[in-house]
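Please read each one with the model open beside you.

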Amino acid sequence: MQLLTPHVYWAQRRGEIFLRVDLSDAKNLNISVEENTLQFRGQGHGAKGENEYKFSLEFREPVRPEVEHRSTQRQVDIRVRKQSEHWWDRLTQQEKKPLFLAPDFDRWLTESDVEMELKNKEEERINSIRVESRVPKDPFLGVKRGYLFMYNLVQFLGFSWIFVNMTVRLFILGQDSFYDTFHSTADMMYFCQMMAVLEVVNPLLGLVRTAFLPALLQVTGRNVILFVIFGCLDEMQNKAVVFFVFYLWSCVEIFRYPFYMLGVVGTEWKLLTWLRYSLWIPLYPLGTIAEAVAVVQSLSLFDETLMFALPLPSLLGGSLSFSYSLRLYLILMFLGLFINFRHLYKQRKRRYRSRKRKQH
């Protein structure tokens with residue numbers, strides 16, 4: 001393979017040297033500074049097509065040995081730090097500029113240009129501070145944050161108690177723990193789900209920036225299962241499906257609530273963030289399936305007991321069983337799953353897309 005020299009463009013600041021190597025789809029890069037000389041070697045598509053390219057530059061003055069570089073589809077960007085911060089009259093030790101080297105006019109600034117740029121940035125910073133100082137601060141901001149922190153903390157502790165209780169009982173009793181889950185954890189689940197109604201109120205009051213509909217669908221759906229299906233039918237309270245519904249709910253919430261709790265105080269744990277935006281992918285569909293099983297198992301019980309049945313006129317005779325409402329609810333349940341799933345997917349996509357932008 002022929003060994004060639006790529007086109008290289010340079011610019012400087014008081015403390016740095018910027019090099020732009022005109023080499024697209026570069027690979028096998030070897031870039032280093034030895035004895036104040038930068039050595040470059042790599043394969044890619046340059047002025048002479050796909051080949052191996054190399055060059056060396058002996059700098060005008062001492063530089064640090066650390067080299068930062070980033071390869072894109074179009075070029076290779078290199079940054080080298082000067083030993084002392086001042087402007088050089090030229091880049092290389094030799095007075096005659098190498099033929100492959102040219103100024104990078106896109107980044108080229110003189111010393112006076114940089115001073116003007118810094119001055120403008122400082123003026124912008126001062127102006128932004130002035131504007132922020134004119135914006136009235138929310139006098140209740142501390143109260144709002146304290147309320148949100150305590151709400152999420154209480155919910156986290158409640159669902160953690162449920163999760164630990166069910167896990168310990170599962171290890172001790174095995175499958176027998178399935179059938180008395182309701183009697184051992186229902187009181188705490190009642191408390192947590194009644195508290196969850198605040199998640200519908202909070203966005204309406206402007207306390208949190210979240211969509212109202214997904215919160216309403218989740219809270220309403222869970223409370224129908226808890227208070228109507230499990231709470232009103234004694235026969236349902238002894239079924240194994242209660243264990244799976246409660247366990248899947250708590251698995252989601254023991255990561256969701258601490259994520260929001262830390263967000264109130266401006267703190268983030270990367271692992272917790274990943275769990276918050278990833279665990280719902282398998283757990284939400286599984287939770288919906290478990291809830292659907294509970295509804296299906298309750299249909300015959302509502303038919304037998306006529307609980308919540310709607311009386312019909314004497315001409316029609318009898319009454320309309322509540323089970324027909326639950327059959328409609330089954331359809332709405334999976335529609336709600338689709339709405340929530342799409343909402344959470346958009347949240348996850350927006351979250352990690354913005355993080356990638358920050359890293360670049």
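1. Over residues 147-172 the chain is 100% helix and 0% strand, with end C-alpha atoms 38 Å apart. Helices here are DSSP runs of H or I with at least four residues, strands are runs of E with at least two, and both are numbered from the N terminus. Residues 147-172 are one of the spans that UniProt, in an unreviewed entry, lists under "transmembrane region", together with 211-233, 240-259 and 328-345. UniProt positions are given in the numbering used here, feature names are shortened, and the annotations may be inferred rather than shown by experiment. For residues 240-259, the span is 95% helix and 0% strand, and the end C-alpha atoms lie 30 Å apart.

2. Please keep in mind that this is a predicted model, in which local features need pLDDT of at least 70 and side-chain atom pairs count only at pLDDT 80 or more, while totals for chains, interfaces and linings use all residues. Residues are numbered from 1 along each chain as its sequence is written, and side-chain values use heavy atoms, with hydrogens and water left out.

3. Which residues form the nonpolar patch on the surface? They are Val 164, Val 168, Phe 171, Ile 172 and Leu 173, with about 530 Å² of accessible area together. Patches are made of residues with over 30% relative accessible area and no salt bridge, where nonpolar side chains (Val, Leu, Ile, Met, Phe, Trp, Tyr) are joined within 5 Å and like charges within 9 Å. Accessible areas come from the Shrake-Rupley method with a 1.4 Å probe, and for residues only the protein chains shown count as cover. Phe 171, in helix H2 (residues 141-173), has a relative accessible area of 71% and is therefore exposed; buried means under 20%, exposed over 50%, and partly exposed in between.

4. A patch of negative charge on the surface gathers Asp 234, Glu 235, Asp 303 and Glu 304. Lys and Arg count as positive and Asp and Glu as negative, while His and the chain ends are not counted; the place of a charge is NZ of Lys, CZ of Arg, CG of Asp or CD of Glu. Glu 235 sits in the loop between helix H5 (212-232) and helix H6 (241-264), and counts as partly exposed because its relative accessibility is 42%.

5. Most residues other than glycine have a negative phi. Asn 28, in strand S4 (residues 24-34), has a positive phi of about 55° although it is not a glycine. Asn 36, in the loop between S4 and strand S5 (37-46), also has a positive phi, near 65°.

6. Twelve salt bridges are counted, each being a side-chain nitrogen of Lys or Arg within 4 Å of a carboxyl oxygen of Asp or Glu. In one of them, Glu 68 pairs with Arg 79, the closest N and O atoms being 2.7 Å apart. This pair links distant parts of the chain, with Glu 68 in strand S7 (residues 63-71) and Arg 79 in strand S8 (residues 76-82), eleven residues apart.

7. Glu 199 forms a salt bridge with Arg 256, and their closest N and O atoms are 3.2 Å apart.

Terms used: Buried < 20%, exposed > 50% of the residue type's maximum accessible area, 1.4 Å probe, protein only.
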